[in-house]
Amino acid sequence: MALLQISEPGSKPAKPLHRLAVGIDLGTTNSLVAASSAGAVEILADDEGSHLLPSVVHYPAGLEPVVGQDALDQLTIDPANTIISAKRMLGKNLLDIQAEGDANKAATSLYQFDQNSRDGVPQILTAAGLKSPVQISADILGTLASRAESVLGGKLEGVVITVPAYFNDAQRQQTKEAAKLVGLNVLRLLNEPTAAAVAYGLDTNDQGRIIIFDLGGGTFDVSLLSLQRGVFEVLSTGGDTNLGGDDFDRVIMDWICSEAGLDQITDSKSFARLRNAAIAAKHSLTEADIVEINFENWQGALSRAQFIELSAELVKRIINTCRRVIRDASISVDEIDNIVLVGGATRMLVIREAVAEFFGKPALAEIDPDKVVAIGAGIQADVLIGNKPANDFLLLDVNPLSLGIETMGELVEKIIPRNTTIPVARDQEFTTFKEGQTAMSFHVVQGERELVSDCRSLARFELRGIPPMVAGAAKIRVKFQVDADGLLSVSAEELSTGMIAEIQVKPSFGLNADAIEEMLQSSQENALADMEARSIGEARLEAQQLIDALASAVEIDGDLLDESESLLIKAAIEKLERANTEGDSSEIRVLTEDLNRVSGNFAARRMDLHIGAALRGESIDMIESSSD
Ligand code: ADP
Ligand code: MG
């Protein structure tokens, strides 16, 4: 299951024709574009020589949008029309964004959203009209693409765009949509940590375990990669799409407000100035031990030690995530060979120190942490467009949450467990529950819990045209496929007729990583309760199946029962039905057993009758299907 192949860095392209393809790191805070030239992949700079394009778009009235540094400069002048951190809003609906309030403090206090938008799609009211996160991302991608086309002197044939490992379907789909809006051909979406590993050319090592620690402006991703004779495999991932350098800004902003005796800043211009002061202080503390801060009429100083104290809660969350990623892979910290730092926020000393302390060794950071991801994407793009000879280098990603299907009793049957490497296809056979059932409805869910109601609903679809059969006779194969971009498709096939129904999981609105985190935590906390829930669910299901089967048997062959037997069975059914709504699992099991016992003779007589019929030349099928 080769996902993609990457040649060794430095190997010279043999083809005379060099096709233009670039790698794009579409960041929350900054975006970059990289391309290979003369065998090496480099970040492409704009006319002024800057590599980083701030992921900011200014929408002035009646003019073309302005992207990048010039837009960032508008942030204090015209904040309502200057959009930052659009990536945080990708794949989410308005309610999600507003509910996230805190993480999106910047967004919700700076922008006005159109409250009447269709299906809750967030649309920001700007002087240039309504702008969706997809449109804003498209404007950023378009700027990078034209930068690349002017530097490279030709038309781009393809792009590789990186996304956080935790991006869900909706977020990935919307990233692709944004690229399509500006006419870009997406060769592949690539997980950011995976791109970083590629940039480091870690294939030259024979083997090892590597942690990719990516703390950007708005997202945090940790991935554990294993390397075996040039083959990378992502063993586990973790992260938080709402944790990043911005949160450290916020900690400083809150500190300034409390020191300056200011309440909530509601004026958007002061808010933007406060934010800038905080960012400047945070950056200075990477070099200096103490920094002076001026805001409005207030003046003060923040020391590195104070900053470490203020950030303690955030750092704890970050390290806990690292711990979980390692635990998920069932290894210990000393089995990690290398830690790679990615993302501008890993420049903060408080982070470097915490990482070194937790892993017991300092992290690698030779490649500029801002550029690593784009460089890796550029290398991938060059390979995927066909400029490099294929090599035996495989990259595998993983599925972050289990994917499964609802079965009877509102239970979840996991088909693709969490942390399975992708692309992957798995199937499982199911059967009908009701006699003569001709349609089945499927409910695709995501999450770690045992009950459907505790998981996230992804999609529903139906398979019709199942030939009527007795319960349990139809065979339906359900197949789950997750492609290299992490997108899921599910199909269901009735094996005797070949009737098939399938669904591509639609860009349903997103889950943020806090929600993923919560889902994982609650599955651990509720493991016992879930086991009981599953047990009672299964007991109820078994009981109901027995009751239904007996009811239809009595209808067909009731004349085989004598009166006292009939009464006994009836009473046992009533008891079991009551237990099935009120009792616990052991009570249901005992009463199911009772019903089985009192109806055992009846079942045996039916069997004799039907086998006798079969011996007389009538098929069992004919007799059984005569019931519908
Ligand atoms: P993203 O991947 O979200 O676009 P980046 O990797 O560009 O983000 O990182 C941006 C974050 O890095 C911002 O929060 C920025 O303030 C922070 N950052 C950049 N340089 C420094 C520095 N010298 N010290 C501390 N933080 C920094
Ligand atoms: Mg980044």
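Modeller: Asp47 is exposed, at a relative accessible area of 79%; exposed means over 50%, buried under 20%, and partly exposed in between (1.4 Å probe, protein chains only). This is a predicted model, where local features need pLDDT of at least 70, side-chain atom pairs count only at pLDDT 80 or more, and totals for chains, interfaces and linings use all residues. Residues are numbered from 1 along each chain as its sequence is written, and side-chain values use heavy atoms, with hydrogens and water left out.

Biologist: Which salt bridge does Asp240 form?

Modeller: Side chains of opposite charge can pair when their charged atoms come close. The term salt bridge requires a side-chain nitrogen of Lys or Arg within 4 Å of a carboxyl oxygen of Asp or Glu. Here Asp240 meets Arg317 at 3.0 Å, N to O. Asp240 lies in strand E14 (residues 231-240) and Arg317 in helix H10 (residues 312-328), so the pair ties together parts 77 residues apart in sequence. Helices (H or I, at least four residues) and strands (E, at least two) are DSSP runs, numbered from the N terminus.

Biologist: Is Asp240 buried or exposed?

Modeller: Asp240 is buried, at 6% relative accessibility, whereas Arg317 is partly exposed at 34%.

Key
Chains lettered and ligands numbered in written order.
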